[in-house]
Amino acid sequence: MKSKKLKSALIASTMLLSSVFMGNCLPASASEDALYVPGTYTAVAEGINGIVVVEVTFSEDAIEDIVVTENSETDGIGSNAIDQLPGKIIETQSLAVDGISGATYTSDAIFNAVENCVAQAGGDLELLKTASSEEVEKTTEELTTELVIIGGGAAGMTACIRADALGLDVIILDKQSYLGGTIALSGGNQVVMGSELQKELGVVDDSVESMIEDFLANGSGLNVTELVTLYAENVGETSDWLEEIGVTYDLDSGLHQLAEYTYDRELAYTGGGSGAATALAELVEDTDATILLSTCATELITDENGAVVGVLASSDNTEYTIYAQAVLLATGGYGNNDNLLSEELQEALYYGAASATGDGLIMATAEGIDADTILMEYGKIYPNGIEVSEGTAKSTIAGNIVAWTMSAILVNADGNRVVNEKASNRTILEAQQQEDGQLLYLLLDEETFEAWKEAVASNGISASDIESYLSANGSTTPIFIHGDTIAEVAETAGIDPDVLQATVDRYNSFVESGVDEDFGRSADYMTMEIGDGPYYLIEQKPRFATTMGGLVVNTDLQVENTSGEVISGLYAAGEVVGGVMGDDSPSGANNGWAVTSGRLAAESIAAALKE
């Protein structure tokens, strides 16, 4: 069985807002014998980056066509629901169909708009939303392969591409309806240390030793040194290999200057994280691998000696028993599973994938397999989130990066600066965690705010979102306060206006002198004084998605059990592996580890199967 029917599409986390009617404002009334008043009706709902406009055409007895005529959804992310969901509704003539997994809120936007159109056409909305009581009888299927990869994110896709090139028969499965994983949600940056790419951009003296030192310093020395070394020795070759096969990097923007690194060693992907995920998915499509989507792995299969020899998996229609000479877990992290999270992580806002529920960890640590784990209490917490709904964040990092080149500063609830805004994320987070409610504010003048507002669209914070937040003016979360003067925003935030004004005046004096006497912000990032209003205060709260803990593996990416023994046939790559980062990961590190470990795992498996 070689299924090649795959449409590349990726994950998006969006905030659903209410949709409203467009076109006819009042519902029509269908005749007694007709289900709908024929015609084409239009409605609009809020998507991740703005409105989603939907046109629905009805005959008297059917939904004939659904077309999304306008949207600002990120290409390859929200487009998954836009491409697939209208067809499902038309095929079933029902609104009781499942949304597209991984694009839940974009699906909801389409559902809301179609519901409005049904109401306009005089249809029976409740009947359309009633699920069928018929149960689908599942078939059973037994498959055999050399390698089965569980998880279609960056690590799984990279492993699939490499294993196929090495001549292995591969099955790759993912519980989502698309390949892509969490790389599509990332900032789209990757460590490229030791690559020809890094050298072409002027850094020729970086080293394995320097990268290891930086990672140990950032991870509080809790890193598994052997894995960091494996990573540092191979990420450069992996980066150049990816560039050669079609995953390209934004060379025009160049290497990023980051406080975490001694040398500049981070590059963005062309098109960001979604661009990299789309490129990898297309490369997987071009392999001979069998691709099983919307297929959830449920249990590892072992033989009488305890070796892992396959996996049980299930889709809507089929129960699979897949036998394999090797199983690679590339199932990602566990950030969306409170049962696996430390108390500190449970208190941070989550902005990651709904699918990050630790499935691989749960299967591998089951009785009889007994895989060992390490550093499960840690996750990568960033200081730059806004709370868009209870417990859920969106990142402002893309806007912040722009704002630091202009006049933005961070202040606490007393109106004082507390940190160098261009310090590492970890340093800013540590300062933030000392504040009541772990809250800081971005202070922006009008010019910087406009640039910030444009940039955060790439983080899924749309212009219409921002207008909605500003209209609340600090009365609800996320806190977006605005005012014509410094005193006005201070009073709305409950800050002493004199203190905030003094902070602004002192910072502006540093810009004039070129020396930040309080926190040492580089003059390169103090080029503009805080200027004319209106002014804005925007909340900054801790957020996390990536988990640092995971399975214990050796340098061949073989999983080890609690007795320190290799579990025959079982490998792991990507975020499901624990210990690489220590207690915190520097920028671009997780994507770099995913693609590097995926490639190396495929090579280890190929070598083992040829022995």
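These legends describe close-up views of a predicted model. Local features need pLDDT of at least 70 and side-chain atom pairs count only at pLDDT 80 or more, while totals for chains, interfaces and linings use all residues. Residues are numbered from 1 along each chain as its sequence is written, and side-chain values use heavy atoms, with hydrogens and water left out.

**View 1. Gln 176 and Ser 355 in a polar contact.** The two side chains come to 3.4 Å (a polar contact is a pair of N or O atoms within 3.5 Å, one able to donate a hydrogen and the other to accept it; residues adjacent in sequence count only if both atoms are side-chain atoms). Gln 176 sits in the loop between β6 (170-173) and β7 (189-191) (strands are DSSP runs of E, at least two residues, and helices runs of H or I, at least four, numbered from the N terminus). Gln 176 is buried at 10% relative accessible area (buried is under 20%, exposed over 50%, partly exposed in between, with a 1.4 Å probe and protein chains only).

**View 2. The salt bridge of Lys 129 and Glu 115.** Their closest N and O atoms are 3.9 Å apart (a salt bridge is a side-chain nitrogen of Lys or Arg within 4 Å of a carboxyl oxygen of Asp or Glu). Lys 129 is partly exposed at 38%, whereas Glu 115 is buried at 17%.

**View 3. The salt bridge of Asp 584 and Lys 380.** The closest N and O atoms are 3.1 Å apart. Asp 584 is in the loop between β23 (566-572) and α17 (589-610) and Lys 380 in strand β15 (residues 379-389), so the pair ties together parts 204 residues apart in sequence. Both residues are buried.
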